[in-house]
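The sequence and the structure are shown first.

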Amino acid sequence: MEKLFFDTLEAFITDVRAYREELNATTITDEDGKPKVQLIGIDGNPTDDDSTLGSRQAIFEHFENLYNAYIEQTDAPSLESMDQAHGMVLITYSASYRRCVNSFDELFEEIKDKLKRLDEIKNKLLSEPVPADEVSKLEEEASATVNEMYNLAFKMKKYYEGAQEFSTTARLMCMVMGYMKLGREFFNDPNSFEDTFTPCIHSMFKDFDRLRKILKHNARCSAKDMITTF
């Protein structure tokens, strides 16, 4: 097993709490003239990023929460055991993240297939004379297809949100394990902050947001005016 920076679990949590106090000692004035804690980013510079992992304050608050959760669930706590437990969580959440991404992609392919059908309907209505009764049937099919796409999009949203949650937890596990091995120097360790998740999450959001706008448009118009390409 790789040697850990701290000798004991007590030394670990003592340093976590001490560093949180150091971080929270620096205050600035907010818009109302009241003092507030100056957030410090991962790079050590002041930041306004108050997201889950956007500041050192947030990260070390999570470290203490992880410690508290571990203590409550463990009969014989130790630093080595906590490190191993977080390693298992990292594996589990990374796998869950991948499942969410794969499921999102599979649904997205179904969406694209339905867009192709909408395109066929649109082209038929625009390129050839169609009897009135068939127009009605094609419009009904287009409307039903859009409704099916809404259902698929709802599922995609759930997988997107799941991927976000699992990726955040996986990143946090990398950070706390890096801190256990390197102490505060882990901030200078690229491996502790490696983030292979965020670019994919951003891509998923971009695809979903584009799809949302397409569905919003298509729900309000006839098949002839629908957006049928992504």
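Leaving aside its neighbours within four places in sequence, with which residues is Ser94 in contact? The model examined here is predicted. In that model, Ser94 is in contact with Ala170 and Phe197, once its neighbours within four places in sequence are set aside. Ser94 belongs to helix H3, which comprises residues 79-127. With a relative accessible area of 12%, Ser94 falls under the 20% limit and is therefore buried.

**The pair H3 and H4**

Two packed helices are described by the angle between their axes and the distance between the axes. For H3 and H4, the axes come within 7 Å and cross at roughly 160°. Because this angle is over 145 degrees, H3 is roughly antiparallel to H4. The crossing in which H3 passes H4 is left-handed. The residues of this contact comprise 34 nonpolar, 9 polar and 11 charged ones.

Helix H4 covers residues 132-182. Its 51 residues span 74 Å from the first C-alpha to the last, close to the 75 Å expected at 1.5 Å a residue. Just after H4, Gly183 adopts a positive phi of about 65°.

**Met180 and its surroundings**

Met180 is located in helix H4. Its relative accessibility is 0%, and Met180 therefore counts as buried. When residues up to four places away in sequence are not counted, Met180 touches Leu4, Phe5, Phe6, Phe12, Leu79, Met82, Asp83 and His86. One of these residues, Phe12, is 168 residues from Met180 in sequence, yet the two C-alpha atoms are 7.3 Å apart in space.

**Gln84 in H3**

Gln84 also lies in helix H3. At 46% relative accessibility, Gln84 lies between the limits of 20% and 50% and so counts as partly exposed. Gln84 and Met177 are separated by 93 residues in sequence, while their C-alpha atoms are 8.9 Å apart.

| Residue | Relative accessibility | Class |
|---|---|---|
| Met180 | 0% | buried |
| Ser94 | 12% | buried |
| Gln84 | 46% | partly exposed |

Technical notes
Residues are numbered from 1 along each chain as its sequence is written. This is a predicted model: local features need pLDDT of at least 70, side-chain atom pairs count only at pLDDT 80 or more; totals for chains, interfaces and linings use all residues. Side-chain values use heavy atoms; hydrogens and water are left out. Helices (H or I, at least four residues) and strands (E, at least two) are DSSP runs, numbered from the N terminus. Buried means under 20% relative accessible area, exposed over 50%, partly exposed in between (1.4 Å probe, protein chains only). Contact means heavy atoms within 4.5 Å. The expected span of a helix is 1.5 Å times one less than its number of residues. Axes are lines fitted to C-alpha atoms, for helices over the stretch in contact, and angles run from 0 to 180 degrees between N-to-C directions. Angles under 35 degrees count as roughly parallel, over 145 as roughly antiparallel, 65 to 115 as roughly perpendicular and the rest as oblique. A crossing is left-handed if the near helix is turned anticlockwise from the far one by less than a right angle, and right-handed if clockwise. Ala, Val, Leu, Ile, Met, Phe, Trp, Tyr, Cys and Pro count as nonpolar, Asp, Glu, Lys and Arg as charged, and the others, Gly among them, as polar.
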